[in-house]
Amino acid sequence: MPEPRIPPHRVVAVVQPGNHPFELAVACEVFGLERPELGVPWYEFVVCAEEPRVDLGAFVVEIRHGLDAIATADTVIIPAQLPDLPPSRALVAALRAAHDGGARLVSFCSGAFALAEAGVLDGRPATTHWMYAARLAAEFPAIEVIPDVLYVEAGSVLTSAGTAGAIDLSLHIVRGDYGSAIANAVARRMVVPPHRDGGQAQFVDQPVPDTGDANTLGPTLDWIVKNLSEPLTVENMAAHAMMSCRTFMRRFRAATGTTPLRWLLHQRVAHARHLLETTDVPIDRVAQACGFGTAANLRVHFFRTVGTPPTSYRRTFARAG
């Protein structure tokens, strides 16, 4: 049985004065907690800061490692900070050096301002908490700020929206390093859905609003997932939900934050990932089972969504054997 790819070995979370404890705790929970039950080598996790004692407002934390820990990091995480407290010159220099050295840089919520100060977001799409999106765009016009998404992956630089968006991005990173089965196992241990819409979609592009429509559409969402191999259309989805197409489209977006066809595409890619990880079914049959019809269509949509061809993904994450 192929061994899973070992993810970036060393994850370093940076603590700054005014950091929000929740996002820092997310990094500690996802990357710092030992998980021997998963049967894979896990991340080495380190917390660092410029000073050994950092005031987070409600309490003060003592940090064992200085900013020099960033130099040996494979992944650097910047939790949410107060935008009015800019990062120090030392931290900016360390982030630039890490980026130049090939490290993966990650920000949670307003931590994007530190990456922006370091210049690593210039020319890239990025996001932050909706409250700060306009400010980020105004202060750093070289960044393509996307204000209404949960997270953005732009090469080796990843940014997330606020609070629980840090969980979404963290699980996305684990999924990219280990595959969906491991990411789902981490989510179960955290007692959170592996994806914002209750575990249905592999990739959630927009936050889900507080609405009862999700419950109304629940049976139809389940029906769609069970019939991915069929040629599903908005018309037959709406018919199953016993709604007009216009009403269905409106309520679907309100409940999921995206369109029915985009959501369907993500479900099909999710099912393809599962089959590639857990079976040795030929690629053309995977395509048929997921509703893509042909292997060529699967390759196009899989690569656009996951960033790697199906065959390469299977070699990396296959669990069959």
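R104 counts as buried at 15% relative accessibility, where buried means under 20% relative accessible area, exposed over 50% and partly exposed in between (1.4 Å probe, protein chains only). This is a predicted model, in which local features need pLDDT of at least 70 and side-chain atom pairs count only at pLDDT 80 or more, while totals for chains, interfaces and linings use all residues. Residues are numbered from 1 along each chain as its sequence is written, and side-chain values use heavy atoms, with hydrogens and water left out. The structure holds seven salt bridges, each defined as a side-chain nitrogen of Lys or Arg within 4 Å of a carboxyl oxygen of Asp or Glu.

**Salt bridges between elements**

- R104 and D177 meet through their side chains in a salt bridge (2.9 Å, N to O).
- D177 lies in helix α5 (residues 165-178) and R104 in strand β6 (residues 104-107), so the pair ties together parts that are 73 residues apart in sequence; helices (H or I, at least four residues) and strands (E, at least two) are DSSP runs, numbered from the N terminus.
- D177 is buried, at 3% relative accessible area.
- A salt bridge also joins the side chains of R10 and E44 (2.6 Å, N to O).
- Because R10 belongs to strand β1 (residues 10-15) and E44 to strand β2 (residues 44-49), this pair ties together parts 34 residues apart in sequence.
- R10 is buried at 15% relative accessibility, whereas E44 is partly exposed at 31%.

- R135 and E139 form a salt bridge, with their closest N and O atoms 2.8 Å apart.
- Both residues lie in helix α4 (residues 130-139), four residues apart, about one turn of the helix.
- R135 is partly exposed at 29% relative accessible area, and E139 is partly exposed at 42%.
- D84, R135 and E139 are linked in a network of salt bridges.
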